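Q: I would like to go through the side-chain interactions in this model with you. Could we start with the charged pairs and then move on to the rings?

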Amino acid sequence: MPKIKKPGALFVLFLILIALVLTWFFAVSEDYYDYAADTIESSASVAPLNKESLLASAKPVRQPYDTEVKYRKFYLTAPGAQKVELLADFNRWGKNPIVLKPYRKGYFETSVALTGGEYKYVFSVDGRDVLDPVNLDRREVDGREICIKTVK
């Protein structure tokens, strides 16, 4: 009868090492699977999957405005201008014009008492509409580009 060799100590150590590595691999894989599943579930609750909930979440939230009266400066540099007026929704677009006070080098300025809210305005420089070059918050209303001043 042939003699059967018994596995050596190195072979046994190798098998034990493989068993430990596989145990570690499956434990880490299970943890990663649990993490990925939780991430997908939580992202589905954060990111809506249908169009209606996406549109509902896209509506801007209205912030309550302060009712305290605050003075806001409106100013414009218009060298060579004779008269600069402020045309705004709060003065009925010039029906009650607010004339800006002239200073040196074509600088015009006025202060207006406003409560919290959004105000639309444009300057009139010698009868010609001019947008505020400092304020980049602008919209087009009825084919006319205007500036928006937000008082909080």
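Q: Which side chain meets Lys73 in a salt bridge, and what is the N to O distance?
A: The partner is Glu109, with 3.9 Å from N to O. Please keep in mind that this is a predicted model.

Q: Is Glu109 buried or exposed?
A: Glu109 counts as buried because its relative accessibility is 17%, and the cut-off for buried is under 20%. Lys73, at 46%, is partly exposed.

Q: What else does the side chain of Glu109 make a polar contact with?
A: The side chain of Tyr107 makes a polar contact with that of Glu109, at 2.7 Å.

Q: And which residues is Glu109 in contact with, leaving aside neighbours within four places in sequence?
A: Those residues are Lys73, Phe74, Tyr75, Leu100, Lys101 and Tyr103.

Q: How many salt bridges does a search of the whole structure find?
A: The search finds four. Among them is the bridge between Lys83 and Glu85, whose closest N and O atoms are 3.3 Å apart.

Q: Are Lys83 and Glu85 buried or partly exposed?
A: Lys83 is partly exposed at 41% relative accessibility, whereas Glu85 is buried at 15%.

Q: What about Arg144, which residue does it form a salt bridge with?
A: Arg144 forms a salt bridge with Asp129, and the closest N and O atoms are 2.9 Å apart. This pair links distant parts of the chain, 15 residues apart: Arg144 is in strand β9 (residues 144–151) and Asp129 in strand β7 (residues 128–130). Both residues are partly exposed, Arg144 at 30% and Asp129 at 39%.

Q: Changing topic to the rings: how many aromatic pairs are there?
A: The count comes to seven aromatic pairs. In one of them, Phe74 and Phe90, the ring centres are 6.1 Å apart and the planes are at 45°, so the pair is tilted.

Q: Where do Phe74 and Phe90 lie in the chain?
A: Phe74 is in strand β1 (residues 70–77), and Phe90 is in the loop between β2 (84–88) and β3 (98–99). The pair links distant parts of the chain, 16 residues apart. Phe74 is buried at 1% relative accessible area, while Phe90 is partly exposed at 28%.

Q: What is the arrangement of the pair formed by Tyr121 and Phe123?
A: Tyr121 and Phe123 form an edge-to-face pair, with 5.8 Å centre to centre and 80° between the planes. Tyr121 is buried at 0% relative accessibility, and Phe123 is buried at 0% as well.

Q: Which residues form one aromatic cluster?
A: The cluster is formed by Phe74, Phe90, Tyr119, Tyr121 and Phe123.

Q: Last topic, the surface: which residues form a nonpolar patch?
A: The patch is formed by Phe11, Phe14, Leu15, Ile18, Leu22, Trp24, Phe25, Phe26 and Val28. Together they have about 920 Å² of accessible area.

Q: Where is Leu22 found, and what is its relative accessible area?
A: Leu22 is found in helix α1, which covers residues 9–46. Leu22 has a relative accessible area of 43%, which means that it is partly exposed.

How values were computed
Residues are numbered from 1 along each chain as its sequence is written. This is a predicted model: local features need pLDDT of at least 70, side-chain atom pairs count only at pLDDT 80 or more; totals for chains, interfaces and linings use all residues. Side-chain values use heavy atoms; hydrogens and water are left out. Buried means under 20% relative accessible area, exposed over 50%, partly exposed in between (1.4 Å probe, protein chains only). A polar contact is a pair of N or O atoms within 3.5 Å; within protein, one must be able to donate a hydrogen and the other to accept it, and residues adjacent in sequence count only if both atoms are side-chain atoms. Contact means heavy atoms within 4.5 Å. Patches are made of residues with over 30% relative accessible area and no salt bridge: like charges are joined within 9 Å, nonpolar side chains (Val, Leu, Ile, Met, Phe, Trp, Tyr) within 5 Å. Accessible areas come from the Shrake-Rupley method with a 1.4 Å probe; for residues, only the protein chains shown count as cover. Helices (H or I, at least four residues) and strands (E, at least two) are DSSP runs, numbered from the N terminus. Rings of Phe, Tyr and Trp (its six-membered ring) pair if their centres lie within 6.5 Å; planes under 30 degrees apart count as stacked, over 60 as edge-to-face and the rest as tilted.
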